[in-house]
Number of protein chains: 2
Amino acid sequence: MTLADQPVSLAIDAMGGDSGPHYQVAGALLALAADPSLSVTLVGDLDQIKARLAQHQLSHHYAERIHLLHSETWVRMDDAPSFALRQRKNSSMHLALRLVAEGQSAACVSAGNTGALMAIGRQVLGMLPGIERPAISTVIPTRRGVSYLLDIGANVDCQAAHLVQFALMGSVMVRCVDGLPQPSVALLNVGHESIKGNAQVKLAAQRLEQHPALNYQGYIEGHAIFSGDVQLVVCDGFVGNIALKTSEGLARFLSEQIQQIFARSLYSRLVSIMARPILKRLKEQMDPVRYNGGSFLGLRGSLVKSHGNADARGFAFAIQRAAIEARQKLPEQLLRELQRDESASFD
Amino acid sequence: MTLADQPVSLAIDAMGGDSGPHYQVAGALLALAADPSLSVTLVGDLDQIKARLAQHQLSHHYAERIHLLHSETWVRMDDAPSFALRQRKNSSMHLALRLVAEGQSAACVSAGNTGALMAIGRQVLGMLPGIERPAISTVIPTRRGVSYLLDIGANVDCQAAHLVQFALMGSVMVRCVDGLPQPSVALLNVGHESIKGNAQVKLAAQRLEQHPALNYQGYIEGHAIFSGDVQLVVCDGFVGNIALKTSEGLARFLSEQIQQIFARSLYSRLVSIMARPILKRLKEQMDPVRYNGGSFLGLRGSLVKSHGNADARGFAFAIQRAAIEARQKLPEQLLRELQRDESASFD
């Protein structure tokens with residue numbers, strides 16, 4: 001039996017994302033179809049989940065791989081993390097994470113509120129030693145396929161040791177999930193030259209340069225994120241969050257501008273109809289949902305965040321990602337790597 | 001005589017940008033044609049400048065508004081700032097800035113190396129009291145026209161006082177250059193809520209909220225930069241540099257993807273030919289060159305940086321911007337605003 005065939009059971013927060021369990025249930029069924037050794041526990045409002053399941057034709061083989069766990073409430077997208085942590089103790093998010101903490105599920109997938117996921121994940125799963133807050137990684141489409149950017153928002157006051165931790169944990173993740181033996185790593189900076197950067201970045205660069213286990217490539221600038229020259233782009237959570245959201249905002253703005261300009265005259269409307277299949281292909285190629293699933297790194301359990309805009313196919317990708325992390329025992333591998341590493345510890 | 005008719009004389013670094021004085025000379029001529037009260041001193045290699053001028057038909061009226069100043073050398077795009085500062089003392093950049101320092105020109109425009117411009121500008125022009133390094137602002141196209149982002153790279157280790165200074169100086173600039181009496185200002189952050197952000201941003205927000213002279217609107221996230229909801233987006237130079245370069249990189253990547261996808265089949269090549277005039281209009285609309293000119297704020301003299309990719313038209317925009325700043329005496333207005341302001345001083 002290969003690793004990919006090992007039975008694995010995941011906890012699915014079916015209520016995250018305010019739209020009810022629609023995409024989560026459909027996504028889970030897609031993932032179950034693609035992976036015969038996968039089973040899932042759908043956590044949420046049982047009436048709603050059962051109503052969704054009833055819309056699908058379930059073969060007998062599927063049905064026995066789906067477990068249900070009722071939750072009385074769920075975390076709203078606009079809940080403050082502290083409120084979600086304290087006032088939503090019986091939420092689907094809490095219960096799903098508790099299944100992982102208790103060893104009944106090997107990983108959790110949620111499309112819910114990132115801040116709440118962070119707070120509840122920390123409390124319920126606990127942190128690996130030396131990690132204060134989990135780092136969140138995201139997949140970025142590039143000229144050469146995909147790369148990862150981390151941290152994208154959890155850690156907004158980073159010291160050099162945090163950046164080294166991100167590089168280490170990200171490298172272990174890329175090795176585990178993508179099977180790349182020596183993923184290349186760069187620090188995001190305002191220039192290439194060694195004198196460039198703020199104090200944390202310069203100190204982190206010194207430590208990364210001397211690091212025996214990392215394939216460190218030096219600094220890259222913002223425009224090079226999309227080049228795919230490195231597999232792992234490491235930065236402060238503040239910077240990563242701004243880079244990611246600025247990119248999302250620009251992509252949306254450009255796409256609106258294209259639509260407006262194509263709608264302006266009869267001729268351009270005609271061209272736009274002709275261009276539709278081509279632009280659709282472009283959209284598919286750039287679609288972040290294709291690579292959906294942000295990993296929380298540094299928790300004592302696997303947690304994958306699905307993008308809030310993901311559809312069933314996107315949610316299925318996030319489940320598949322969580323299944324790989326669970327089979328690879330990613331948290332244990334992260335723990336080993338962090339323990340043998342002094343450069344990731346604080347001064 | 002209105003302010004816009006006041007005679008103004010600018011120093012043009014004709015050699016910045018490695019491509020010789022081609023765009024600079026052509027851009028200066030465009031600016032002179034548009035502004036009959038403008039005169040310029042073109043600084044650079046006289047043989048090259050004269051050869052470029054000879055390619056244009058100069059009316060007598062033009063010719064007397066063009067002065068020439070020979071420089072033996074110029075700053076290369078890959079010169080380290082420290083090298084440019086010490087080893088290129090007779091460069092066109094040095095000489096052009098010296099014309100401003102000596103009061104012979106009212107502002108300087110250069111398309112040269114930003115780091116060198118920063119270093120030489122600081123040394124030759126000096127800083128306003130309380131300012132350590134000038135902030136660089138850039139224009140961003142948005143849904144509602146344009147906004148400004150600053151700082152975009154000069155200050156990579158910002159404290160709250162720096163961010164307050166950027167907000168103040170940026171507001172004065174927008175009032176002067178764009179004539180908006182109460183420009184709206186926001187801090188770039190990882191969330192809307194007051195608990196979000198790193199330590200500097202949170203402290204700066206407290207000071208900006210209480211500020212009587214600023215139209216402060218709170219936090220905005222990365223995706224909202226392109227909304228145009230605020231006229232001035234303030235951030236650490238590290239963050240601004242990453243946001244700007246990431247945007248430039250993504251725009252280039254998307255445009256390559258569109259070209260590739262349109263080149264893939266005979267049908268898509270046909271559509272692409274039909275779509276060419278429409279996409280050209282899009283490109284013009286988004287073209288940063290249309291709004292070219294990054295202002296250095298905090299120096300004792302006006303300095304405008306033209307984008308390295310600008311053509312003659314773009315360079316002319318940068319000159320027009322410098323002419324407005326010079327006529328408005330922007331550095332004096334910045335000085336007044338900073339002096340009456342305690343929230344912009346360091347603890």
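**View 1. The salt bridge between the two domains of chain A.** Across the interface of domain 1 and domain 2 of chain A in this predicted model, the rule finds one salt bridge (a side-chain nitrogen of Lys or Arg within 4 Å of a carboxyl oxygen of Asp or Glu). Here you can look at Glu337(A) and Arg175(A), whose side chains meet in a salt bridge at 3.2 Å, N to O.

**View 2. How the domains of chain A sit together.** The domain assignment (automatic or from a database) gives domain 1 as 1–134 + 298–347 and domain 2 as 135–287. Their C-alpha centres lie 24 Å apart. The contact (heavy atoms within 4.5 Å) takes 25 residues from domain 1 of chain A and 23 residues from domain 2 of chain A.

**View 3. Chain A against chain B.** Now for the partner chain: 52 residues of chain A are in contact with 52 residues of chain B. About 5,000 Å² is buried between these chains, with carbon and sulfur atoms giving 72%; buried area is the accessible area (1.4 Å probe) that two parts lose on being put together, summed over both.

**View 4. Salt bridges between the chains.** The rule finds four salt bridges across the interface of chain A and chain B. One of them joins the side chains of Glu221(A) and Lys245(B), at 2.3 Å, N to O.

**Notes.** Residues are numbered from 1 along each chain as its sequence is written, and chains are lettered from A and ligands numbered from 1 in the order in which they are written. In this predicted model, local features need pLDDT of at least 70, side-chain atom pairs count only at pLDDT 80 or more, and totals for chains, interfaces and linings use all residues, while side-chain values use heavy atoms, leaving out hydrogens and water.
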